[in-house]
Amino acid sequence: MTGVLHAVDPRTGARLGPGHPAAGPADADRACELAWEAFPAYRRTGPEERAAFLDTIADRIDALGGALTERVTAETGIPAARAEGERARTTNQLRMFASVVRDGAWLDVRTDPALPDRTPLPRPDLRRRRIPLGPVAVFGASNFPLAFSVAGGDTASALAAGAPVVVKGHPAHPGTSVLVAGAVREAVREHGLPEGVFSLVLDAGHELGTRLVADPRIRAVGFTGSRRGGLALVAAAAARPVPIPVYAEMSSVNPVFVLPGALRENGADLGRAFAGSLMIGAGQLCTSPGLVFLLDGGDESSAGSFVDAAAAAVAAAPAAPMLTAGIRAAYDAGVARLAGTPGVRTLARGVADPDIATPCLPGLFLTDDTAFLAEPALQEEVFGAASLLVRVRDRARLREIVAALEGQLTATVHAAADDRETAAELLPDLETLAGRIVFGGWPTGVEVGPATVHGGPYPATSAPATTSVGAFAIDRWLRPVGYQDVPADLLPAELRDGGPA
């Protein structure tokens, strides 16, 4: 062990007890060893056995009750109602993956029967299914202490695939991590599974995470966090003698495009709704709208109702606690960078609260398309409740802006009936820009289901062909295996004619 971790209440700055032992290199190595030893038995578990295990994890997390809610709130400053909602999302994800496992479609079974009489060459009997890659390292996220952490979507989908999981808990909420890990371990014991199916290691630095990624027994990585952190893990995985995939969700400013008809018809209401989306969770969400493009035809007054309503809402917004002092410092630096950029005007800042230890003072800024295109740094993410409004003169300029944007998790369009032609022209460009296109809504709030896409082109993620949320998140931890002329009695049960007996 290498010391003791203490969480800090971001609302008061007070250190929280109890302390939690930090893991050292030997602990990480042991977790990887146990995961590798557990892999052969765990990947052979049947669909019902594995699904029941996932359901039990969900039940055990629900059974933590108010103790879990209180700990989440103390360690993160997240209100109790949001903590309860996030717990429900976490357990619903686990139960969804239990249903995915029972359904069996994730195996993607394909069969091409032998054609011995085919000319000029006979066709062999060909069958395929998917198997898990091997043990997975998962990194807990700071901003979702439940849904993207110890038993969040990465862990749930990897366990569903048949992959043991080693979680590096986030140091900002160690008590939450320990509580949830205890629930998972209870489920492991209840189902008689090998101990190494799940492990948690805690550490405040970066060395342990790099060690996990470099361990040859780890075969894939799930990460949600900063671009710098994600790219460091990608580099470590690529430097291994046998590289492995890293599925990193990193940075996104989630641009919103408000078209002229929508500005004329509903500008003020849209401005207020935008501000509400921006300030959810002090803007510490991966889908927070950090850029808004107002197609006003060069006439500032046409966007005036949107701008005025959004600015008034932000100016009246109270400060809210950010997750950590480090996140707050980075937010303040990002806001100062925006405010100090030539051509950018500060529209509004929120109401200060000296009693909050890590306050996020919401910020809203305004510029035009010329200044935006001249300064690439204006499209960099500011993690927190800050957003830049950009006035755009015409459709050609709008398409130029879209072409200059980095890859995103989401892109949102607000259009009235007379904006349909512009929207139709814009949507194909947005398909290449983002993983999820939102029409007439706001990017915050991610529905979890079979059609969910929570991913996108780099730098939103390191693997744009995948999603970290929804039923198809399981695909990340699987690879296909083909079977040619394998005798029927040696085939995996799901590949035999008629399926499992």
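Is A26 buried or exposed? I looked this up first. A26 is exposed, at a relative accessible area of 60%; exposed means over 50%, buried under 20%, and partly exposed in between, with a 1.4 Å probe and protein chains only. The residue lies in helix α1 (residues 25–43), where helices are DSSP runs of H or I with at least four residues, strands are runs of E with at least two, and both are numbered from the N terminus. I also checked A26 against G455, 429 residues along the chain from it, and found their C-alpha atoms separated by 34 Å.

I note that the model is predicted, that local features need pLDDT of at least 70 and side-chain atom pairs 80 or more, and that totals for chains, interfaces and linings use all residues. Residues are numbered from 1 along each chain as its sequence is written, and side-chain values use heavy atoms, with hydrogens and water left out.

**Chain**

I found 14 helices and 19 strands in the chain. Of its 501 residues, 54% are buried. The C-alpha trace spans about 75 × 65 × 40 Å along its principal axes.

**Largest pocket**

I recorded a space of about 1,400 Å³ in the largest pocket. A pocket is an open set of points on a 1 Å grid over the protein atoms alone, where a 1.4 Å probe fits, with protein on both sides within 12 Å along at least five of seven lines; lining residues have an atom within 4 Å of a point. The volume is the space filled by probe spheres set on the points, which are joined across faces, edges and corners. The lining holds 42 residues, and G225, S226, R227, R228 and G229 lie nearest the centre. Elements giving two or more residues to this lining include β8 (220–224) and α8 (227–238). Helix α11 gives the most, with six residues.

**Backbone geometry**

I found a cis peptide bond from G17 to P18, with omega near 0°; P18 sits in the loop between β1 (4–5) and β2 (20–21). The bond from T119 to P120 is also cis, with omega near 5°, and P120 belongs to the loop between β3 (110–112) and β4 (126–132).

I then looked up positive phi values. N254, not a glycine, has phi of about 50° and lies in the loop between β9 (246–249) and β10 (256–258). N254 is buried, with a relative accessible area of 0%. A282 has phi near 55°, in the loop between α9 (260–279) and β11 (291–295). A282 counts as buried because its relative accessibility is 6%.
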